[in-house]
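Student: I have a structure open and want to go through it piece by piece. Can you take my questions as they come?
Tutor: Go ahead.

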Amino acid sequence: MSARIYQRAKNAMQSGKAWTDDWVFEYEPVGGAQHDPLTGWSGSADTNRQLKLRFDSLESATAYAERM
């Protein structure tokens, strides 16, 4: 299972630098979304898609990725 670690870019509409110093860890999506014909919603059985963790440093994010 692959994951990505990145640092958020500042939004063009944003003058401050909130949440841009943190490193974000998230898993790569495994499968595509499935369409439900009854409700019209899209869903997935991949629960790792919902996980997004923030770390203070790149080293702690890579240490977590290597443990998992």
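Student: Is Phe25 buried or exposed?
Tutor: This is a predicted model. In it, Phe25 has a relative accessibility of 2%. Buried means under 20%, so Phe25 counts as buried.

Student: And Tyr27, buried or exposed?
Tutor: Tyr27 is buried as well, at 14% relative accessibility.

Student: How many aromatic pairs are there in the whole structure?
Tutor: A search of the whole structure gives 3 aromatic pairs. One of them is Phe25 with Tyr27, an edge-to-face pair with 5.2 Å centre to centre and 75 degrees between the planes.

Student: What about Phe55 and Tyr64, what kind of pair is that?
Tutor: Tilted, because the planes stand at 40 degrees, with the ring centres 5.6 Å apart. Phe55 and Tyr64 are both buried. Phe25, Tyr27, Phe55 and Tyr64 together form one aromatic cluster.

Student: Switching to the fold. What is the order of elements from the N terminus?
Tutor: The order is β-β-β-β-β-α, that is, 1 helix and 5 strands.

Student: Which strands form the open sheet?
Tutor: The sheet has 3 strands in the order β1-β2-β5, with antiparallel pairing.

Student: How many bridges join β2 to β5?
Tutor: There are 4 bridges between these antiparallel strands. Glu26, for instance, has Lys52 in β5 as its bridge partner.

Student: Now Asp22. Where is that?
Tutor: Asp22 lies in the loop between β1 (3-7) and β2 (23-27). Its relative accessible area is 16%, so Asp22 is buried.

Student: Which residues is Asp22 in contact with, leaving aside neighbours within four places in sequence?
Tutor: Tyr6, Gln7, Arg8, Arg54, Phe55 and Asp56. Phe55 also belongs to the aromatic cluster.

Student: What share of the 68 residues is buried?
Tutor: Buried residues make up 15% of them.

Student: Last topic, overall dimensions. What box do the C-alpha atoms fill?
Tutor: Along the principal axes, the box is roughly 45 × 35 × 10 Å.

Student: And how do contacts split by sequence separation?
Tutor: Of the contacts between residues at least 6 apart in sequence, 48% join residues at least 24 apart.

Conventions
Residues are numbered from 1 along each chain as its sequence is written. This is a predicted model: local features need pLDDT of at least 70, side-chain atom pairs count only at pLDDT 80 or more; totals for chains, interfaces and linings use all residues. Side-chain values use heavy atoms; hydrogens and water are left out. Helices (H or I, at least four residues) and strands (E, at least two) are DSSP runs, numbered from the N terminus. Buried means under 20% relative accessible area, exposed over 50%, partly exposed in between (1.4 Å probe, protein chains only). Contact means heavy atoms within 4.5 Å. Two strands pair if DSSP finds at least two bridges between them. Rings of Phe, Tyr and Trp (its six-membered ring) pair if their centres lie within 6.5 Å; planes under 30 degrees apart count as stacked, over 60 as edge-to-face and the rest as tilted.
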